[in-house]
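Here is a short briefing on one structure.

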Amino acid sequence: MYSDKTVIITGGARGIGAGIAHAFYEAGAKVVIADYHAENGKQAEKKYDCERVSFFETDVSNEQSVIALVTYVMEKFGRVDILINNAGISSFSNFYEMTVEEWDRVLNTNLKGVFLCSREVAKVMEEGGAIVNISSTRAFMSEPNSEAYAASKGGIIALTHALAATLSEKKVRVNCISPGWIETNNYEELRESDHLQHFSKRVGKSSDIARGCLYLCDPNNDFINGTNITIDGGMTKKMIYEE
Ligand code: NAD
């Protein structure tokens, strides 16, 4: 289904982004991993060792870097059909001590990055294109001292429907996924209680989010637009009153 498509995945050098990149690679797409971690990005590119997968060093919070990314993709593949805005940092710090620099660092990466990548890609994207933004269940629920991250992820939900409204003119769809706990490192080391607290009785994996991206980008699903899909094993629907 995706063999004639070019996909940009920001933050695709590791974690959930790497899982999404792999899923689109398996589906036949041309995959561009845009990440600011050069070493991980080059390793990811080497793993595939084929013309269909390339890495471009990109800082999504930097306008010139994002412009360079889109120029590179257009020169190499001639088109961008799908953008997955996945790059993000999670930083939790004491609210009373949080500096303006820290607030800006999180918002500039997680929220401004989605704006910049979407704007530049939308300029070249043709009819039928799709954008998926990766938010978080922390857009809806909170633990203490997560203000910057929660605000950035809540902003992504709102940015998603605003973009869907604007880009509908070009027939480009924009949707959002809010993952819950997705373990990308030591899944085997998780405790039984980690799994059992979910309605689905397991912690999430990158592939859960990757399948969501494939679903949202499928042209057959073009009636899904401007919305958010929560993929969290049911955690945000769980009542937690103590017995
Ligand atoms: P991760 O830290 O493993 O990977 C993030 C990737 O983004 C890294 O490769 C990093 O180099 C890259 N990145 C960070 N800042 C960047 C920048 N300025 N420019 C380009 N690349 C940059 O994180 P993850 O767990 O895979 O999370 C991916 C996304 O999913 C994030 O947006 C995160 O907020 C969201 N999310 C993750 C979870 C989870 O449980 N893992 C839950 C909810 C939401």
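T109 counts as buried, at 14% relative accessibility; buried means under 20% relative accessible area, exposed over 50%, and partly exposed in between (1.4 Å probe, protein chains only). This is a predicted model: local features need pLDDT of at least 70, side-chain atom pairs count only at pLDDT 80 or more, and totals for chains, interfaces and linings use all residues. Residues are numbered from 1 along each chain as its sequence is written, and side-chain values use heavy atoms, with hydrogens and water left out.

**T109 and its surroundings**

- T109 is found in helix α4, residues 100-124. Helices (H or I, at least four residues) and strands (E, at least two) are DSSP runs, numbered from the N terminus.
- Not counting residues up to four places away in sequence, T109 touches V60, S61, A87, G88, I89 and V114. Contact means heavy atoms within 4.5 Å.

**Helix α7**

- Which residues of α7 are buried? They are S206, D208, I209, A210, G212, C213, L216 and C217.
- The cover over these buried residues includes α1 (15-26), β4 (82-85), β5 (130-134), β6 (173-179) and β7 (228-231).

**Nonpolar cores**

- The largest nonpolar core has 29 residues. I20, F24 and I84 have the most contacts inside it. Such a core is a set of buried Ala, Val, Leu, Ile, Met, Phe, Trp, Tyr and Cys residues joined through side-chain atoms within 4.5 Å.
- At least two residues of this core come from each of β1 (6-10), α1, β2 (30-35), α2 (38-48), β3 (53-57), β4, β5 and α7.
- I20 touches I9, I84, N86, I134, I209, A210 and C213, not counting residues up to four places away in sequence.
- In soluble globular proteins, nonpolar side chains tend to be buried together.

**Ligand site**

- How many residues surround the ligand? There are 24, and the closest are R14, I16, D35, N86 and Y149. A residue counts as near if one of its heavy atoms lies within 4 Å.
- The side chain of D59 has an N or O atom 2.9 Å from a nitrogen atom of the ligand.
- The side chain of K153 has an N or O atom 2.9 Å from an oxygen atom of the ligand.
- I182 uses its backbone: an N or O atom there lies 2.9 Å from an oxygen atom of the ligand.
- On its own, the ligand has 830 Å² of accessible area, and the protein covers 88% of it. Accessible areas come from the Shrake-Rupley method with a 1.4 Å probe.

**Loop residues**

- N145 is not a glycine, yet has a positive phi of about 65 degrees. N145 is found in the loop between β5 and α5 (147-167). N145 is partly exposed, with a relative accessible area of 31%.
- K171 is not a glycine either, and has a positive phi of about 60 degrees. K171 lies in the loop between α5 and β6. K171 is exposed, with a relative accessible area of 54%.
- E188 sits in the loop between β6 and α6 (192-196). Buried or exposed? E188 counts as exposed, at 74% relative accessibility.
- E188 and E101 are 87 residues apart along the chain, and 36 Å separates their C-alpha atoms.

Note on methods
A polar contact is a pair of N or O atoms within 3.5 Å; within protein, one must be able to donate a hydrogen and the other to accept it, and residues adjacent in sequence count only if both atoms are side-chain atoms.
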